[in-house]
Amino acid sequence: MNERPRRVSMADLDALCAARPPAAGPAPAYVGPLERHVRDGDRRLLHLEYDGSPAALRLWSFLLTEEDRLHAARAAGKTIVGAMKDLGTVPVMAYALPDVVAFYPDGAWWTPCIMELEAGLLRLADTLGIGDAFCPVRAMLGAFVNRRHFPIPDLLTCSAGATCDDFSAIAQRLESLGFPILWWEMPARRRPDPGETAVPLPTGFEAPASQVALVRSELERVRQALADAAGCDLTDARLASGLRRANRVRAVLDRLRHLAYTAEPCPIPALEMLIAEMLAIHFCSDQAEAEAVLADLLDEVRRRADAGKGVLQPRAVRVFWVNPVADLRAMNVLEDCGGRLCGTEFLFCHALDPIPQDLPPMEALARTALGDPMVGPATDRAERIVRDARRFGAEAVVVSRIPGASHCALEGAVIGEVVRRRLGLPVVEIEVPPVADAVLPTLRTRLEALVEAAEQRREP
Ligand code: SF4
């Protein structure tokens, strides 16, 4: 199978799983055919195309068994932390404690896609007054209420302040339903005034030292709440060791991203890269295994790159993708239209960049949290996109709007304007609903037009 890497159907991936040679050694217990998840209602899996490798099967199996892991953690008496909104900081702190598992209930926003709306989470959110004027993360509300997905966490945290209106409203509604939340304040990041002490952030932005100090004091409250929930001090030594472990995962992902986005021909499909990047946020509820899953994928990609093999035709148009898609199928469609992924900004570059290890751990975490691209001006985010698009040699940029998302109303125009002015690249803005079948013809047309525009700019 390493001879001809290619995208395959779910049935083909499952057949590969069944044919796994004994020489490959025993797979982790959670690895198995994806068909079992379809039986549980994950019907979207039937309509996706996957990388045809054992590493991809492991990735998907790891992703799709997360709820089982969380329930097993509850049964084993572990402390479960539901971190909301900050995307990448609180789980690093939680995993620094023994017997604590952290996850983002926000991740339920993909359930309507994976279950093709059959789970009824959006309908449930509607009945609770959170309708489709809000982004699909409202599915989280339904998952808390029907209790059919993740276990209810022992501690819920949520960053507030400079978060989107959608999340604030949904989390406030959640609290009103009897789910207590530890709110912690995230200020709107601003550029330092002239003469004001400025602090560099890991994501490349700058912030006033006073704002970093505020975030640090807020995270101290989170630290105490985590320690209380776990019954164990969250010391600086534990935090420092937790940061090192998180950075190990980030380092493997960084190597994977670099190869996946630069090797020619494209060595791994866009869909698997989207899932791989998501693992960095909360490690899919098992930090050590997340590192192993990513390392396995990296080995596969490295073998292909060394052999000059890819999953797509050579010279596919290099597309930088902004925002995660509510329907995973959109990543397949990009490739069907002649594009390939060459970089991303999925709202959480602060969960990908290394956390500084030469600072006191709480200072390092505060700087990381404040580096969130979503808590500063859209122009900052656009500058980061320009930097990464240039680094990965993008030929075109897709800004994928999230239906109902408050930040999407204007930021696409800002990002598009900055990218066109600074890089001269073609940009398209699309909107991808949780089940995009009805708009797929339009999506294809727009992506094909983008690919054509990028090809026309190439040197003859
Ligand atoms: S509006 Fe955007 S940032 Fe806010 S919860 Fe939805 S996807 Fe996340």
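This is a predicted model: local features need pLDDT of at least 70, side-chain atom pairs count only at pLDDT 80 or more; totals for chains, interfaces and linings use all residues.
Residues are numbered from 1 along each chain as its sequence is written. Local features need pLDDT of at least 70 and side-chain atom pairs count only at pLDDT 80 or more, while totals for chains, interfaces and linings use all residues.

Four strands form an open, parallel sheet in the order β10-β9-β11-β12. Strands are DSSP runs of E, at least two residues long, and helices are runs of H or I, at least four, numbered from the N terminus. Pairing requires at least two DSSP bridges between two strands. The edges are held by β10 (339-345) and β12 (427-431); each has a single partner strand, so one side of each lacks a neighbour in the sheet. Direction ignored, neighbouring strands are turned by 30 degrees against each other on average (axes are lines fitted to C-alpha atoms; angles run from 0 to 180 degrees between N-to-C directions). Four bridges link β9 (317-322) and β11 (396-401) in the parallel sense. Valine 319 has alanine 396 of β11 as its bridge partner.

Strands β5 (155-161) and β6 (182-186) also run parallel, joined by five bridges. Tryptophan 184 in β6 stands opposite serine 159. The chain passes from β5 through helix α9 (165-176) to β6 in a right-handed β-α-β crossover (clockwise from first strand over helix to second, with the strands pointing away from the viewer).

The ligand is surrounded by Cys135, Val137, Cys164, Asp166, Phe167, Leu347, Met374, Ile402, Ala405, Ser406 and His407 (C-beta atom, placed from the backbone, within 6 Å). Domain 1 (66-237) and domain 2 (244-456) each supply at least three residues of this shell; the bounds come from an automatic or database domain assignment.
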